[in-house]
Amino acid sequence: MNTPLKDKIMASILSGRNTEAQLISLYRKLEPGKFSPSDHNDIVRALEKQLRDRFPRAANRVFGAKDKDVVESLELFVALLDFDPTTNKLGNHVKTGGGRIRGECYIQNYISYKNQQGQKVELLLEQKTFESELMAYVYDRSSKGAEVSITSYTFAEIDEAKQHYNRVLQRYCDKNSCYKKSLHSVGFFIFIIEVINSLNAAISAYTPYLFGSAYSVPPLSPRHESTPASVKPAQKALLPISP
């Protein structure tokens, strides 16, 4: 449908002579009814590539961030995962890969999980160039210092990659939960010992009052037998002798 017009527009776009304003104007004037869905998509992708390569800020205004769909997909996936997010030492947000930051990849975003034992799993979505296919990679490290295994998936297999990530995540998250439970058990055991020791100390302190003093208390003298040392006994009066 209207192939000559499509070819003319494509040649103009690919020439690289259009300004930012001309490319944006062309995009906004596109009428889907004039072209087949396939031809319309080809023109839009050509416009986007030109804007991404030459005018990236304008491209973000028109099409949004180039990794927008990938980030949203990963965020939704994380939100649906059934695990304790507080056990993740790496955070549960979507991260930008180093390849994208260094300009080596068109798109590179990932999510990752690491537990207390150093076991780590990562799901990375990567697109090398604008024209290349979006790929998925699952990185799995079973222990600290262990070699990382990498499994790659094509665009059509991204759901399988997500399932792979989830299986490993559940395994590592369960181990981390067991580790935390064991720490809680040890803490509870120590608490019980401290309580027992406190009870023993209390019993020892109050035993003399409950069962009699451990020290003998000398009996008090009866009042009539008690004579203060400073008081001398009274002397009998001497009767006069009759002559």
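Me: Is strand β2 (residues 107–114) mostly covered or mostly uncovered?

Reply: Please note that this is a predicted model. A residue counts as buried when its relative accessible area is under 20%. In strand β2, seven of the eight residues are buried, so the strand is mostly covered.

Me: Which strands pair with β2, and in what sense?

Reply: One looks for bridges between two strands. Strand β1 (residues 95–96) pairs with β2 in the antiparallel sense over two bridges, and K95 stands opposite Y110 of β2. Strand β3 (residues 120–127) also pairs with β2 in the antiparallel sense, over eight bridges. Within that pairing, S112 stands opposite E122 of β3.

Me: How many residues lie between β2 and β3 in their hairpin?

Reply: There are five residues between the two strands of this hairpin. In the turn, G118 has a positive phi of about 90°.

Me: How do the side chains of a regular strand lie relative to the sheet?

Reply: They alternate between the two faces of the sheet.

Me: Which element gives the most to the lining of the largest cavity?

Reply: Strand β2 does, with three residues. Among the lining residues are I111, S112 and Y113, together with Y165 and L169. Both β2 and α7 (158–211) supply at least two residues of this lining.

Me: What classes of residue make up the lining of the largest cavity?

Reply: Seven are nonpolar and four are polar, with no charged residues.

Key: Residues are numbered from 1 along each chain as its sequence is written. This is a predicted model: local features need pLDDT of at least 70, side-chain atom pairs count only at pLDDT 80 or more; totals for chains, interfaces and linings use all residues. Side-chain values use heavy atoms; hydrogens and water are left out. Buried means under 20% relative accessible area, exposed over 50%, partly exposed in between (1.4 Å probe, protein chains only). Helices (H or I, at least four residues) and strands (E, at least two) are DSSP runs, numbered from the N terminus. Two strands pair if DSSP finds at least two bridges between them. On a 1 Å grid over the protein atoms alone, a cavity is a set of points where a 1.4 Å probe fits but cannot get out, and a pocket is an open set with protein on both sides within 12 Å along at least five of seven lines; lining residues have an atom within 4 Å of a point. Ala, Val, Leu, Ile, Met, Phe, Trp, Tyr, Cys and Pro count as nonpolar, Asp, Glu, Lys and Arg as charged, and the others, Gly among them, as polar.
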